[in-house]
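Good morning, and thank you for coming. Please look at the sequence and the structure together while I speak.

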Amino acid sequence: ARVRSGIDMSEREDPVQQVAGEEEGGEEEKGEEEEEEEEESDESEEEEEEEDDDSEFDDPEGFVDDITDEELLGDVLKQRPEELSSVDNIIVVDNAPKVGPDRMNKLKTVLKKVFGRFGDVVTEYYPADDNGIFKGYFFLEFATSEQASGAVKAGNGYKLDKSHIFAVNFFADFDKFLKLPAKWEPPKKKEFVEIGNLRSWLQDEDCFDQCAIIFTGGTQVSICQNTPQEVRVVTERERWTETYLHWSPRGTYLATFHQKGVALWGGEKFERLARFMHIGVQVIDFSPCERYLVTFSNVVEDPDDPQNIIIWDTKTFARKRSFTRGSAEDWPIIKWSYDGKYFARKTENLLSIYELPSFGLLEKKSLVVKEIRDFSWSPTENRIAYWVPETDQIPAKIIIIEIPSRKEISTKSRHLVSDCKMHWHKQGHYLCVKVDHWMTKSRKQLCTSFELFHMREALIPVDTIEMKEPVLSFALEPQGSKFAIIHGEPPTRISTTFYKINEKGAKLTKIKTLERRSANHVFWSPSGQFVILAGLKGMDGQLEFWDTSDMTLMNNQDHSMATDLEWDPTGRYAVTSVSYWSQKMDTGFIMWSFQGRLLFRSPVRMDKFCQLLWRPRPPSLLTEEDIKNVKKDYKKYHHLFEQKDRSIRTKASKELIEKRQKVMKEFANYRKRKEDEWKKMRQAFLDTVGTADDEDEYEEETIEVLVNEIDTFID
């Protein structure tokens, strides 16, 4: 076989050895390739090291990098997915309507609309019984726990309809309640904190009013009592506020402004009662009942949840509702009804009215009002007046509606309207709308008319007054039926006209026109009848004090460069002032009686005077009938009031005399002490010089000057 094949088996290679040899050869080739790759990688690393040799940019030895990832990649890290380790993003909603399968889809749509505005709903579950009837509670899972928290805060107490008010809780709370300990332990009692009588200032025997004064350029604040001779300091603090002050409508709280928010103060010693955190707060407002506080700020703390307007509860300090739109120029953005049961705000083409305490939309929907410009509540009834501008061929309209029915009770139309301003009578008897309109379709010249609505009469009749001249100021008498208009071309051709409003369809009566008056503002006394015509700022502070019962000029005064005028709540005193915020020279204030008699000027120590704010008084508890009886029996009490005033003046005069005598005594002691020091120094000088021949001869002369005369009545 070997011969036939011609193959020598001895020369034939073993297959195992051949495979081993191939493997050895392969390893040799592989080793050579790896060596070549290593050489190439070493060369590339050397090249990279040469290229990256930037030793001059290296951090110094001992350098510590203190910049966190949140500072470098804050926006990116916010989008990083997070694993949920709890059920904090699940809520349970109870008290929903129990409906059948045929109405379930519609109900789900409504519920999604209500809770969908709080965030992204991931899953939802609506339990039903064996018959398919919805059980009245459901579960919602939100994308984040923050969204779920917002749904619990805003959704709890939400009024779906008259019979269904939602109760919203976290799902995790049920687990907490199931694990309650078997033995109940009573909660620890919180220590009672006495805040004092928040209306103690009303118990003053002499019924003196209080006011807040900011001076020293805004760094010093004093709460003062208005006594006949001067303002008496009740309390004084430095840097109490960073901007200005704000009293609540009934005088219970004093609000101070700070960078981080607002603080409320009250009580006899003005202790801090509450703090509301709202960074960069600019303006605030209270509800008429003082239960709620509204703050506004342009600073956005959370870009994902911008909240410019926040409504707070002054009793519980809780945040009740927030809004994102608005500006300080349109303040107040939130407007309250007279009784604090409703508040409203306008947005583009919408008038939204909310009811309290649920803070939900009235009837769950806003009132659609295209191009609404402004609105205002009646001060004594739940009525709203608003106006819309002219569009196409449709004239501008002034509309009055009732709340909560939203029924229109009066409408007035007008063409070529430019602007409207609404003025309510303090007692709600009238609504006067100042209408600026064009005289012709060419829109070259403006004129003014006044539309006066008689709110207490049937069908609400409307009177109209046309003014051809520019109108500088307008004001209704708070307690009465008169109003005043300042009109004309400044600075010389200015007149003031007084009108009387007649009832039962009678036309307006012009009482009197005062021509060529240096006045650009009308200030009625809060009690009516008396009025001050003031020429503020550019008119050099000319003041006229009028009694409108018989149109008598009681007094003419002036306060040079006066910028502001404020009546006290009773109408007995008025204050004119020059504010440091407007005028840097001759700042200060002057107190006047309602008859125009100068009582006193601001103390010298109150330099750089900024602001004076009278403390408001709450509404009187007396009925109209009681007030009529008091006025009727005034003569019985007149002599008692006169006697009281004389004793006050006598007491004030005695205190003033004692104060002056004390100052004179201190000055006499100071003078004697300095004379003794001078004599010792003179004697030491003479002893040094050794002669007294060159003494300067002098004569002492005493001059007496009459400063003031005071009549003292001693009973």
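Predicted model: local features only at pLDDT ≥ 70, side-chain atom pairs only at ≥ 80, totals over all residues.

Tyr292 is buried, because its relative accessible area is 6%; buried means under 20% relative accessible area, exposed over 50% and partly exposed in between, with a 1.4 Å probe and protein chains only. Trp336 also counts as buried, at 9% relative accessibility.

Residues are numbered from 1 along each chain as its sequence is written, and side-chain values use heavy atoms, leaving out hydrogens and water.

Let us turn to aromatic pairs. Rings of Phe, Tyr and Trp (its six-membered ring) pair if their centres lie within 6.5 Å; planes under 30 degrees apart count as stacked, over 60 as edge-to-face and the rest as tilted. The whole structure holds 33 such pairs. In one of them, the ring centres of Phe276 and Trp312 are 5.4 Å apart with planes at 55°, so this pair is tilted. Phe276 belongs to strand β13 (residues 271-277) and Trp312 to strand β16 (residues 309-313), 36 residues apart; strands are DSSP runs (E, at least two residues), numbered from the N terminus. Both Phe276 and Trp312 are buried.

How are the rings of Tyr292 and Trp336 arranged? Their centres are 5.9 Å apart and their planes at 5°, so the pair is stacked. Tyr292 lies in strand β15 (residues 292-297) and Trp336 in strand β18 (residues 335-336), so the pair ties together parts 44 residues apart in sequence.

Conventions
Helix = DSSP H or I, 4+ residues; strand = E, 2+ residues; numbered from the N terminus.
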